Amino acid sequence: MRLIINGKEQVIDSGNMTIQEILKICDVKSPDLVSVQLNRKFIKREDYTTTVAGENDEIDFLYFMGGGGLIE
Amino acid sequence: MNFTENQIERYSRHIILQEVGPEGQKKINNAKVLVAGVGGLGSPVALYLAAAGVGTIGLADNDVVDMTNLQRQVIHFTSDLDKHKVESAADKISALNPDVEIRMHKGFLNPENIAGIISGYDFIIDGTDNFPSKFLINDACVLNGKAFSHGGILRFEGQTMTYTPGNTCYRCVFGYAPPKNAVPSCSQAGVLGSIAGMLGTIQATEAIKYIIGKGRLLTNRMLTFNAFNMNFGEVNLSANSDCPVCGSNPVITKLEMDEQPVCDLKQ
């Protein structure tokens, strides 16, 4: 199926997949530390195993990033 | 307020910009911006806001200048080692532009003091490096109707978004602070110094656009970049109806620090 992941088209040799499965094939090491939007709607972390994405769906991963470098 | 001859000369490159003009420059000269965290991000932000003539710049930090800061925190010099960051930054801002009034907030931002501090400003820059502070700034801005710029950097990467009331907030995206040590900090994982400049100058630009009321802000979108490959990306965002602070049934109605459960995932 064809997915748009972070704005880039990706063709995956599979039918519909759960968010959890997509995180795995995209090599996201810590799914607890990434926020996921499916077609611009945020998915709750507890729903990653039950929410399914299919043909032409848009998925965005957003990672926690601190930075600044001051108050350690 | 009328410009002095010196000011017309100093701000001439802004004034000749059609989108800024004398009206926009006056707005900048009357604006009040809080820089929360005068470190990697806060340094370039404070310098560019001072150069632009932002009328009042607030500086909030609780730290002194350390040798490891100097690789990226460009407002602090070698001669400032051990000096309070707020004082070190204030010295440079005064030297750069005596038009700027500086307000010093030495100490941590906490749930008790943050609302009082931000009430005196038009726009807030989040230049903090820890998640409880980032969420606190978000909540204080959401609950008090203030606009702010979120910035994060790590290794070669950066992300930034701008919040204005009614639009996607930081908690819409990330929910709650991650477990302690689950996300490495710059001191643990490193950061290329110039990345702080790339991200901080974007934050300063957002502040100025907000002040003059022109251009398209980074609201409802997160700008991300990976400077190693020099790729820029943008993720469109929608306000999250389940957001704990701005959603339809908010559970956060007063300010508190996010707890960070201890976790040793990456240790």
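Colleague: Which residues does B:I57 touch, leaving out those up to four places away in sequence?

Modeller: In this predicted model, B:I57 touches B:V33, B:V35, B:A46, B:L49, B:A50, B:I93, B:V100 and B:I102. A contact here requires C-beta atoms within 7 Å.

Colleague: What makes B:I57 stand out in the largest nonpolar core?

Modeller: That core has 76 residues, and B:I57 is one of those that touch the most other members. The others named with B:I57 are B:V33, B:V35, B:A46, B:L49 and B:I124. Helix α10 of chain B, residues 193–212, gives the core its largest share, 10 residues. Apart from this core lies another, of 6 residues, including A:L3, A:I22, A:V34 and A:V36.

Colleague: Why is helix α4 of chain B called largely enclosed?

Modeller: Because 9 of its 11 residues are buried. The helix covers residues 42–52, and the buried ones are B:G42, B:S43, B:P44, B:V45, B:A46, B:L47, B:L49, B:A50 and B:A52. B:G53 follows α4(B) and has a positive phi, near 90 degrees.

Colleague: How do you know whether B:N130 is buried or exposed?

Modeller: By counting neighbours: a residue is buried if 20 or more other C-beta atoms lie within 10 Å of its own. B:N130 has 20 C-beta neighbours inside 10 Å, so B:N130 counts as buried. B:N130 lies in the loop between β4 (123–126) and α7 (131–144) of chain B. B:N130 and B:G152 are 22 residues apart in sequence, with 9.5 Å from C-alpha to C-alpha.

Colleague: What makes B:R155 partly exposed?

Modeller: B:R155 has 17 other C-beta atoms within 10 Å. B:R155 sits in the loop between β5 (147–154) and β6 (157–163) of chain B. Phi of B:R155 is positive too, about 55 degrees, although the residue is not a glycine.

Colleague: What does chain A look like in outline, and how many helices and strands are there?

Modeller: Chain A has 1 helix and 7 strands, in the order β-β-β-α-β-β-β-β from the N terminus. Its C-alpha atoms fill a box of roughly 45 × 25 × 20 Å along the principal axes. Of its 72 residues, 25% are buried. Among contacts in chain A with a separation of 6 or more, 56% join residues 24 or more positions apart.

Colleague: How many residues does each chain bring to the contact between them?

Modeller: Chain A brings 20 residues and chain B brings 44. On the chain A side, β5 (41–43) and β7 (58–63) each supply at least two residues. That side divides into 7 nonpolar, 8 polar and 5 charged residues.

Colleague: What confidence values come with the prediction?

Modeller: For the complex, the predictor gives an ipTM of 0.84 and a pTM of 0.93. Chain B has a mean pLDDT of 94, and 98% of its residues reach 70 or more.

Definitions and conventions
Residues are numbered from 1 along each chain as its sequence is written. Chains are lettered from A and ligands numbered from 1 in the order in which they are written. This is a predicted model: local features need pLDDT of at least 70, side-chain atom pairs count only at pLDDT 80 or more; totals for chains, interfaces and linings use all residues. Helices (H or I, at least four residues) and strands (E, at least two) are DSSP runs, numbered from the N terminus. A residue is buried if 20 or more other C-beta atoms lie within 10 Å of its own, exposed if 12 or fewer, and partly exposed in between; C-beta atoms are placed from the backbone. Two residues are in contact if their C-beta atoms, placed from the backbone, lie within 7 Å. Ala, Val, Leu, Ile, Met, Phe, Trp, Tyr, Cys and Pro count as nonpolar, Asp, Glu, Lys and Arg as charged, and the others, Gly among them, as polar. A nonpolar core is a set of buried Ala, Val, Leu, Ile, Met, Phe, Trp, Tyr and Cys residues joined through C-beta atoms within 7 Å. pLDDT is the predictor's confidence in each residue, from 0 to 100.
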